Amino acid sequence: MNMQRIRNFCIIAHIDHGKSTLADRLLQFTNTVSDRDMQDQLLDNMDLERERGITIKSHAIQMKYNYKGEEYILNLIDTPGHVDFSYEVSRSIAACEGALLIVDASQGIEAQTISNLYLAIGHDLEIIPVLNKIDLPGADPEVVADEVMELIGCDREDIVLASGKEGIGIEEILNAVVEKIPAPKGDPEAPLQAMIFDSVYNPFRGVEVIFRVFNGTINKGDKIKFVNTGREYDADEIGILGINQIPQQTLAAGNVGYLISGIKVAKEVKVGDTITHIKRPCDVAIKGFENVKPMVFAGIYPVDTTEFEELRASMEKLQLNDASLVWEPETSAALGFGFRCGFLGMLHMEIIQERLEREFDMTVITTVPSVQFRALMTNDEIKLINAPSDMPDPTRFKHIEEPFVKATIITAAEYVGPVIQLCMEKRGQIKNQVYLTSDRVELSFDMPLAEIVFDFFDKLKTISRGYASLDYELIGFKQSHMVRLDVMLNGEVVDALSAIVHRDKAYEWGKRLCEKLKELVPRQMFEIAIQAAIGTKIIARETVKAMRKNVLAKCYGGDISRKRKLLEKQKKGKKRMRQVGNVEVPQEAFMAVLKLD
Ligand SMILES: Nc1nc2c(ncn2[C@@H]2O[C@H](COP(=O)(O)OP(=O)(O)OP(=O)(O)O)[C@@H](O)[C@H]2O)c(=O)[nH]1
């Protein structure tokens, strides 16, 4: 295919602004998929994605479009919409020459719109602005168009008015893709240089690598190598991605395609890596490659301690198809054997937990999530702290550092006060405040990541009645007064309830946590003391009074089957309980920290 007839583009949008719906329409309009086969949100083919209505992993799809009598190949590269997956978004963007910027005409520009837009502009992508959902009664295309014009410096005529739902503006969008987005550049005769921007795990065929060829040509059967991992493979099968995979003999510069070469483990395929030939390799790898690092850590334990090996097997299987999940075995006095896991963010953590439960039928306890702190030790070594138990003795370190992010929040002007207040409570420092329009404001803060991973987003939504959007990126580590706060039940430390918190917040944290635990720990036949401590210093205490609960008391002797049923019920209720010393602790208690308000 003549490179001049190829267009590679992605869609950037804030969550729920209608990216998937619009993508479906493009596929329908170009007959890439027949109306009969049309399923809602075709690009989101994981059940979980469809249920949650969010795009988790990016995928690519090729459409053919006839424009003024010429056939064009349009490669649509889908991007995930959540900050947890921002590295993947950046690689997808790097594989394109243009982007559709979808803005919900009833909502206006949101934080994610802007962060992804900046990524796209940073990669010199041609931006085609689209106002979507113009069918909605609450849509205000005039005002939102002003916002968009201000943001990207385009003219009103450049903005396409569309409705994915009603199928309005679809042809205009496709025409704009052909007319405005530049054809790919690159030399098909040069040494091979292709960038991996995604991979899909297939248990039967091995990992499918999705890539964009920048220079050179890849042929079926070629001996190839991945530059950053240094691994070598045979290109057993290459092809393009329609609704199904379509094998090809060759793919030249400018094209997007898939590669199958018998790779069994997702970890071998790193998004951002460069594919080249073993003979005649390219001089340099494509820039921008990064090893993605987990941002949030938590322990995962089987509820039933005998299921540890089963959990290990499940985690191994999960890791085969999720390269970003990392874990190592961990033991807790309270929870037994489990794993310390690293996640890209809170959504990623929820997804893993849910997949363990659904796909592997495991019931697990997840402990309080934590970010990765660093301790500068007295011998000037840096020690990484992924769990409260890693926290060294205060006499052995000079200081602790914690990760900070630049948080961008867009909200209506009337909520600026409460938003700033919330951010200050979360140890944020305001850096900038810009009015996007008379009513919408963009605020930037430097904030500790640790404060964001808890309930920040929920709180932000509450105080702004839903009219605030958040995006953040890591900016580095800063020195902080962090301490380890322990919780004791009848004098015994429950290691799974320990947390690393800022010194100024430790007292408040301890007090609230004790209060919350008092609500969650059921009364037992003896009194239970709940205490919070820093080192040996007790900073808070609550007491759960003794009580005797006899479920059989209701049964007046007689009916044995009824009695059995009640006992069964009680046993089930106990399932998610953990024995700590002599105290039974329900699973919610281990997540109580997330619900402190
Ligand atoms: N009225 C109206 N609703 C729409 C339109 N497009 C999408 N929606 C609705 O908006 C919601 C979000 O649409 P999606 O296409 O899932 O949005 P998305 O941007 O792909 O969401 P993520 O994948 O989560 O980022 C759904 O409930 C859609 O039915 C439109 O043009 N008009």
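1. A residue is buried if 20 or more other C-beta atoms lie within 10 Å of its own, exposed if 12 or fewer, and partly exposed in between, with C-beta atoms placed from the backbone. Helices (H or I, at least four residues) and strands (E, at least two) are DSSP runs, numbered from the N terminus.

2. This model is predicted: local features need pLDDT of at least 70, side-chain atom pairs count only at pLDDT 80 or more, and totals for chains, interfaces and linings use all residues. Residue numbers start from 1 along each chain as its sequence is written.

3. Look at helix α1, residues 19–29. Eight of its 11 residues are buried, so the rest of the structure largely encloses it. Among them are Leu 22, Ala 23 and Leu 26, but also Lys 19, Asp 24 and Arg 25. Asn 31 follows α1 and has a positive phi, near 55°.

4. What do the buried residues of α1 pack against? Their partners include β1 (6–13), β4 (98–104) and α6 (170–180). Contact means that two C-beta atoms, placed from the backbone, lie within 7 Å.

5. Now the sheet. It is open, has six strands in the order β2-β3-β1-β4-β5-β6, and its pairing is mixed. β2 and β6 (160–161) are the edge strands, each pairing on one side only. Strands pair if DSSP finds at least two bridges between them. β1 and β4 run parallel, joined by five bridges. Ile 11 stands opposite Leu 100 in β4.

6. Finally, Phe 211. Leaving aside neighbours within four places in sequence, Phe 211 is in contact with residues including Ala 194, Phe 197, Leu 259 and Ile 275.
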